[in-house]
Amino acid sequence: MKITYLGTGAAEGVPAMFCNCAFCKKMRAAGAAEFRTRSQVLIDDDLSVDFPPEAYAHSLRLGVDLSALKYVLVTHSHMDHFYAHDFILRGYKYATLNADKLTIIGNDEVKKVFAECTRREMKTEVSENIEVKTVGAFQSFAMGDYRVLSLPAQHGTTEEALLYYVEKQGKGYLHLCDTGALSDGAIDFLVENRAHANIITFDCTFLDAQPKAGTRHMCIADNLAIKERLDRAGVSDKNTKCVITHFSHNAQPSREKLSEIEKRYPVIAAYDGLSLEI
Ligand SMILES: [Zn+2]
Ligand SMILES: [Zn+2]
Ligand SMILES: [Zn+2]
């Protein structure tokens, strides 16, 4: 399985969209290598975890063929993770397709956002090729060659945000983004379903800041505490790669600072375009 980190910033991006702080000014001046767009992870060539406003820009910059996408797993409906407007362009006069159906999977709120955002411009012949399926936490389902487990995130009370474990040909990928701590129930569910992660993606919005109890995002200390629990449960081990992402401008995630972090902690700091093979 190939895991490509197309976007590695928090909702506001790095430099932050409307921000004029000293750090963002510095990142803006430094150029594209320091830019972090909104969260998107591509698995092989046909499965995208989330679909942010930059999905199109990612495809141009990183050579992604969006017509090859068969599945989009959506973690939650926040705008940095699900920009539904773009799906009106998948067909009609806007696209020639080899016409595999696109399946979008998310919670009830994702389904509602899809309906709201495409209401004005969606053509029938486009919507016929897009299926939006709802899923809750603690479900196990297949999508083509993929086996997927859904887990509850801790990410506020307005919707049930989800985390996903994705497996193909004996390799496992665990996506823990836009969440605070992981519940015991989530770990139990992974164990019961014999999940084993070769890569774990961690929400590291706050980077090396002190953890705050009850938060909807994490820092490195939170990530490492979860990794220890997953190791103890046998869901991961010492060979599992821990990739941190979803950085906020407030944490000042420059490439230089992140390479220092990589020396201090057993993590790989994602950047836009990082690709890992498992
Ligand atoms: Zn987010
Ligand atoms: Zn800023
Ligand atoms: Zn969010």
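Modeller: One term before we start: a residue is buried if its relative accessible area is under 20%, exposed if over 50%, and partly exposed in between. Keep in mind too that this is a predicted model.

Colleague: Fine. With that cut-off, what share of the 278 residues in the protein is buried?

Modeller: The protein has seven helices and 14 strands. Counting over its 278 residues, the buried share is 53%.

Colleague: Of the contacts between residues at least 6 apart in sequence, what percentage join residues at least 24 apart?

Modeller: Contact here means heavy atoms within 4.5 Å. Among pairs at least 6 apart, the part joining residues at least 24 apart is 70%.

Colleague: On to the metals. What arrangement do the donors give the zinc ion (ligand 2)?

Modeller: Its donors are Cys19 (SG), Cys21 (SG), Cys24 (SG) and His249 (ND1), at 2.1 to 2.3 Å. In sequence these residues follow the spacing C-x1-C-x2-C-x224-H. Four donors count as tetrahedral if all angles lie between 85 and 135 degrees. Here the angles are 100 to 127 degrees, so the arrangement is tetrahedral.

Colleague: What is the geometry at the zinc ion (ligand 1)?

Modeller: The protein donors are Asp80 (OD), His81 (NE2), Asp178 (OD) and His246 (NE2), 2.1 to 2.4 Å from the ion. Their spacing along the chain reads D-H-x96-D-x67-H. The angles among the four donor atoms are 85 to 150 degrees, and the site is irregular.

Colleague: How many residues apart are His81 and Asp178, which the site links?

Modeller: His81 sits in the loop between β4 (71-73) and β5 (102-106). Asp178 is in the loop between β10 (171-176) and α5 (184-192).

Colleague: Is Asp178 buried or exposed?

Modeller: His81 counts as buried because its relative accessibility is 0%. Asp178 has 2%, so Asp178 counts as buried.

Colleague: Now the zinc ion (ligand 3): why is its arrangement called what it is, and what is that name?

Modeller: His76 (NE2), His78 (ND1), His155 (NE2) and Asp178 (OD) are the protein donors, at 2.1 to 2.3 Å. Their sequence spacing is H-x1-H-x76-H-x22-D. A tetrahedral site needs all angles between 85 and 135 degrees. Because the angles here are 87 to 173 degrees, the arrangement is irregular.

Colleague: Which residue coordinates both the zinc ion (ligand 3) and the zinc ion (ligand 1)?

Modeller: The two ions are 3.7 Å apart. The residue that coordinates both is Asp178.

Colleague: What about His78: how does its accessibility classify it?

Modeller: His78 lies in the loop between β4 and β5, so pairing with Asp178 ties together parts 100 residues apart in sequence. Its relative accessibility is 27%, which means His78 counts as partly exposed.

Colleague: Which edge strands does the open sheet of seven strands have?

Modeller: The strand order is β7-β8-β9-β10-β11-β12-β13, with mixed pairing. An edge strand pairs on one side only, and these are β7 (139-143) and β13 (268-269).

Colleague: Which residue of β9 is the bridge partner of Leu151?

Modeller: Strands β8 (residues 146-152) and β9 (residues 162-168) pair in the antiparallel sense over six bridges. Within β9, the bridge partner of Leu151 is Leu163.

Colleague: And the helices: what angle does α6 make with β11?

Modeller: For orientation, α5 lies across β7, β8, β9 and β10, at about 160 degrees to β8. Helix α6 (residues 220-233) packs on the sheet too, touching β10, β11 (199-203) and β12 (241-245). Its direction and that of β11 make an angle of about 145 degrees.

Colleague: Last one. Beyond its neighbours within four places in sequence, which residues is Glu54 in contact with?

Modeller: Glu54 is in the loop between β3 (47-49) and α2 (55-62). Because its relative accessible area is 14%, Glu54 is buried. Those neighbours aside, its contacts are Thr37 and Arg38.

Definitions and conventions:
Residues numbered from 1 in each chain as written. Chains lettered and ligands numbered in written order. Predicted model: local features only at pLDDT ≥ 70, side-chain atom pairs only at ≥ 80, totals over all residues. Heavy atoms only, no water. Donors = N, O, S within 2.8 Å, 3.2 Å for Na, K, Ca; no water. Tetrahedral: all angles 85-135°; square planar, octahedral: opposite > 155°, others 65-115°. Helix = DSSP H or I, 4+ residues; strand = E, 2+ residues; numbered from the N terminus. Buried < 20%, exposed > 50% of the residue type's maximum accessible area, 1.4 Å probe, protein only. Pairing = 2+ DSSP bridges. Axes fitted to C-alpha atoms, helices over the stretch in contact; angles between N-to-C directions.
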